[in-house]
Amino acid sequence: MVKMKEEKERKIVLTKPLTIDSESNSDAYKAPNLMQRMLSLFKNVRPGSDLTRFQLPPLFNLPKSQLQCYGESVYCTGSDLLSMCNNGESPIDRFISVVAWTISTTRPVTFGVAPYNPILGETHHVSKGNLNVLLEQISHHPPVAALHATDEKENIEMIWCQRPDPKFNGTSVEAKVHGIRQLKLLNHGETYETNCPHLLLRIFPVTSADWCGTVTIRCQETGIVAELSYRSNSSFLGIGGNHRVIKGKILDSSSLKVLYEVDGHWDRVVKLKDTNNKEVRVIYDAKEVLSCLETPKLKDSESVWPTESAHVWGELSEAILRKDWEKAREAKQEIEERQRKLLKERESKGETWVSKHFVVSNNKEGWECSPIQNTVPAAPITAQ
């Protein structure tokens with residue numbers, strides 16, 4: 001944990017990213033045993049209920065915002081997969097690297113705890129090397145987050161706009177993530193578009209948290225497409241089975257010819273099989289990419305925006321890390337009351353909240369966002 005104190009007890013709290021070795025890492029946040037509380041929490045929630053307005057008590061929160069989780073999937077990696085995407089000699093080489101990078105954005109989830117639902121206008125701004133990443137919560141109800149990231153050295157740009165839509169189904173919670181992620185390799189004039197897998201939280205018969213669904217990666221300029229299926233197959237009563245499986249194919253959309261087959265586990269190793277010569281090679285090793293990730297560092301506290309996630313939730317995160325649940329409850333209640341007050345003030349003045357960093361539209365096609373600035377500036381928080 002990194003903490004900075006100023007007048008009026010202003011706090012900026014940064015925590016370790018989610019990694020595949022979090023369970024064995026003594027520095028990682030360990031949530032209390034929540035199974036009994038989880039069952040009591042949902043006993044009054046009806047199947048099919050929309051959970052986007054459902055407020056979790058601090059005991060069920062990770063000490064970080066959902067914006068930070070989105071950002072970590074981009075800037076917290078042990079390998080520079082983005083450079084590999086850019087440096088591929090041929091379109092198919094670059095596409096395969098994009099597939100590996102896309103898999104790397106899938107991060108482990110812990111059953112029983114969830115990140116904070118970001119407040120309207122909350123931001124998260126972090127740099128890693130030449131990659132500068134900026135996120136903003138552009139809607140609170142429904143929750144919609146926008147991301148813009150640029151690497152001027154590699155001439156890479158990312159634009160995301162996504163909306164989680166959690167529903168309670170009686171014995172599980174499924175969070176569908178709507179929206180498109182774009183990765184632009186500007187040196188090659190290529191734009192890759194992909195969606196996000198869905199999160200499935202099983203409550204009965206055995207608790208689990210898994211990514212599922214189909215992810216499609218498409219490059220319009222080359223006509224190459226990948227279809228990746230995230231699966232988690234449990235045996236009888238949910239015990240055992242094959243978890244965190246990923247299977248798929250890479251094909252030429254013009255001829256529908258399958259070029260490669262993808263097979264493996266997103267938290268372990270993913271292999272690629274050439275359908276022409278039957279050669280098999282590893283394209284992704286989660287241990288290299290998602291192990292031993294370090295807490296971001298505060299480089300310049302004076303330049304941290306008041307809307308920064310690590311500041312907005314700083315007092316609450318500190319209380320959760322100390323397991324001071326009464327202080328955590330007070331801190332969360334204070335944030336929620338402040339947001340209700342700001343909403344009433346806007347409504348009384350007839351004002352509409354406007355994003356500072358994105359041009360936002362919402363139509364029958366869904367939410368769309370485009371960054372106001374061409375590039376993201378260097379951030380006062382740096383990832384290692």
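Let me begin at the end of a helix: helix 8 is followed by Gly350, whose phi is positive, near 70°. Helices here are DSSP runs of H or I with at least four residues, strands are runs of E with at least two, and both are numbered from the N terminus. What we are looking at is a predicted model, in which local features need pLDDT of at least 70 and side-chain atom pairs count only at pLDDT 80 or more, while totals for chains, interfaces and linings use all residues. Residues are numbered from 1 along each chain as its sequence is written, and side-chain values use heavy atoms, with hydrogens and water left out.

On confidence, pLDDT is the predictor's confidence in each residue, from 0 to 100; the protein averages 89, and 87% of the residues score at least 70. Over residues 4-8, however, pLDDT stays under 50, and for these residues the model has ten contacts beyond four places in sequence, a contact meaning heavy atoms within 4.5 Å. Where pLDDT is low, the predicted coordinates should not be read in detail.

Which residues does Leu316 contact, leaving aside its neighbours within four places in sequence? They are Pro58, Tyr116, Ala328, Ala331 and Lys332. Leu316 sits in helix 7, residues 314-321, and with a relative accessible area of 1% it counts as buried. Its C-alpha atom is separated by 7.9 Å from that of Arg329, 13 residues apart along the chain.

Turning to the cores, a nonpolar core is a set of buried Ala, Val, Leu, Ile, Met, Phe, Trp, Tyr and Cys residues joined through side-chain atoms within 4.5 Å. The largest one has 57 residues, and Met158, Ile250 and Tyr284 have the most contacts inside it. Helix 4 (residues 91-104) gives the most to this core, with seven residues. A second, separate core of 15 residues includes Leu62, Leu316, Ile320 and Ala331.

Strand 16 (residues 269-274) and strand 17 (residues 280-285) pair in the antiparallel sense over five bridges, and Val270 stands opposite Tyr284 in strand 17. The two strands form a hairpin with five residues between them, and Lys278 in the turn has a positive phi of about 70°.

Finally, some backbone details. A cis peptide bond, with omega about 0°, joins His141 and Pro142, and Pro142 is found in the loop between strand 6 (131-139) and strand 7 (144-151). Asn155 is not a glycine, yet its phi is positive at about 60°; this residue lies in the loop between strand 7 and strand 8 (156-168) and, at 29% relative accessibility, is partly exposed. Arg244, also not a glycine, has a positive phi of about 55°, and its place is in strand 14 (residues 242-252).

Methods:
Buried means under 20% relative accessible area, exposed over 50%, partly exposed in between (1.4 Å probe, protein chains only). Two strands pair if DSSP finds at least two bridges between them.
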